[in-house]
Amino acid sequence: MSSETSQQNDEATPNRPVRIRADVVENRDEGGVNRRLRLRAHDWPGSRPGQFAMLSPGALFAAGGFDPLLPRPMALFRESAVDAASELEILYKIHGRGTALLAEALPGQVIGLVGPLGIPFPEPEQGERAILVGGGTGIASLFDLAQRALGRTGGADTTSVLLGARNAIDLLGVGDFEALGVDLRCATEDGSRGHSGRVTDLLRQALDEDPDARVYVCGPTAMMRACAEIALSHEASCSVSLENGMACGFGVCLGCAAPVGEVGYQLVCCEGPVFDARQVRWEEIP
Ligand SMILES: Cc1cc2nc3c(=O)[nH]c(=O)nc-3n(C[C@H](O)[C@H](O)[C@H](O)COP(=O)(O)OP(=O)(O)OC[C@H]3O[C@@H](n4cnc5c(N)ncnc54)[C@H](O)[C@@H]3O)c2cc1C
Ligand code: FES
């Protein structure tokens, strides 16, 4: 988030969510099924790292009637102030019908948006090393955190970003992380960029270098579980951001419940999406 919009945020309390309409400024093909959506919004209160928004599935009134009806959760990749408005950037992958319709939204059309939603990541302490691990669409949840961590911890030697994907094209937003100047390490399964293998190999290596680091993870469940196990075996604190399917985004439908805590469930949309990795009962997540 830009310093301008972040100034609206109290450090301790996330801003209250709003329901707004935002103008599409750009909706760019980034290779493969990856897209970058830039929206211009008035009255956007500003978000904290790890928060998300529920976006209308495509431009408002573009699809016939109310089909599809439900909005889709998307991370707020980056925010900046432009003139008197906020510009919101969303990086997304075309997955099913909703994101396919989103990909058809044209500049000048309007997207419906509810946010910012969810509990943000706890930010690293001054001088504490942060290791951010992203895979798949989870990468989009980490940019704002990387930016903030870099400012807080004092430099690239204390902010590492480890990104993993099947191939180089699927490394969402890698150029943006590169431009930030963090310690960026990539892993691809086909070896087309960085380490040939999994991002978990990079996490093991980074924690061997600094076992006192704080770990943040967002990505597919299997990857997050493996990262949580590695972090816990190094006794490092680890926050994960779960990407459960969501129908409402603010605690009404109960559709996003996840096995978190000693017993029972927590709602990923409003009690998460960020949880302490030790609290998640991974073996109960399909
Ligand atoms: C916090 C969060 C942040 C995310 N950030 C990003 C991001 O930045 N970039 C990105 O590419 N992806 C992100 N995702 C994943 C993204 O939301 C999905 O890829 C997207 O919703 C798929 O929609 P679709 O219509 O294309 O796919 P489909 O599989 O066709 O649609 C999913 C359908 O299932 C419905 N559904 C899902 N869960 C439930 C439920 N519990 N109850 C009822 N209906 C349900 C949805 O409403 C929708 O109709 C994020 C997910 C979460 C939870
Ligand atoms: S998405 Fe409806 S309660 Fe969480």
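Let me start with the side chains of Glu 79 and Trp 44, which are joined by a polar contact of 3.1 Å. Please bear in mind that the model is a predicted one. A second polar contact, at 2.5 Å, links the side chain of Glu 79 to that of Ser 47. Glu 79 belongs to strand S5, which comprises residues 78-82.

Which side chain of opposite charge is nearest to Glu 79? That is Arg 148, at a distance of 7.8 Å. A salt bridge is counted within 4 Å, and Glu 79 has none, although this residue is buried.

I turn now to helix H6. The helix covers residues 221-233, and its 13 residues should span 18 Å at 1.5 Å a residue; the C-alpha atoms at its ends are 18 Å apart, so expectation and model agree.

Which residues of H6 are buried? They are Met 223, Met 224, Cys 227, Ala 228, Ile 230 and Ala 231. Because these residues cover an arc of only 165 degrees around the axis, they lie on the same side of H6. On the face of H6 turned away from the buried side, we find the exposed residues Ala 222 and Ser 233.

What covers the buried residues of H6? The cover includes helix H5 (199-209), together with strands S8 (130-135), S12 (214-218) and S13 (238-241).

Finally, I draw your attention to the backbone after the helix: H6 is followed by Glu 235, which has a positive phi, near 60 degrees.

Conventions. Residues are numbered from 1 along each chain as its sequence is written. Chains are lettered from A and ligands numbered from 1 in the order in which they are written. This is a predicted model: local features need pLDDT of at least 70, side-chain atom pairs count only at pLDDT 80 or more; totals for chains, interfaces and linings use all residues. Side-chain values use heavy atoms; hydrogens and water are left out. Helices (H or I, at least four residues) and strands (E, at least two) are DSSP runs, numbered from the N terminus. Buried means under 20% relative accessible area, exposed over 50%, partly exposed in between (1.4 Å probe, protein chains only). Lys and Arg count as positive and Asp and Glu as negative; His and the chain ends are not counted. A polar contact is a pair of N or O atoms within 3.5 Å; within protein, one must be able to donate a hydrogen and the other to accept it, and residues adjacent in sequence count only if both atoms are side-chain atoms. The expected span of a helix is 1.5 Å times one less than its number of residues. The arc is that of the directions from the helix axis to the C-beta atoms. Contact means heavy atoms within 4.5 Å.
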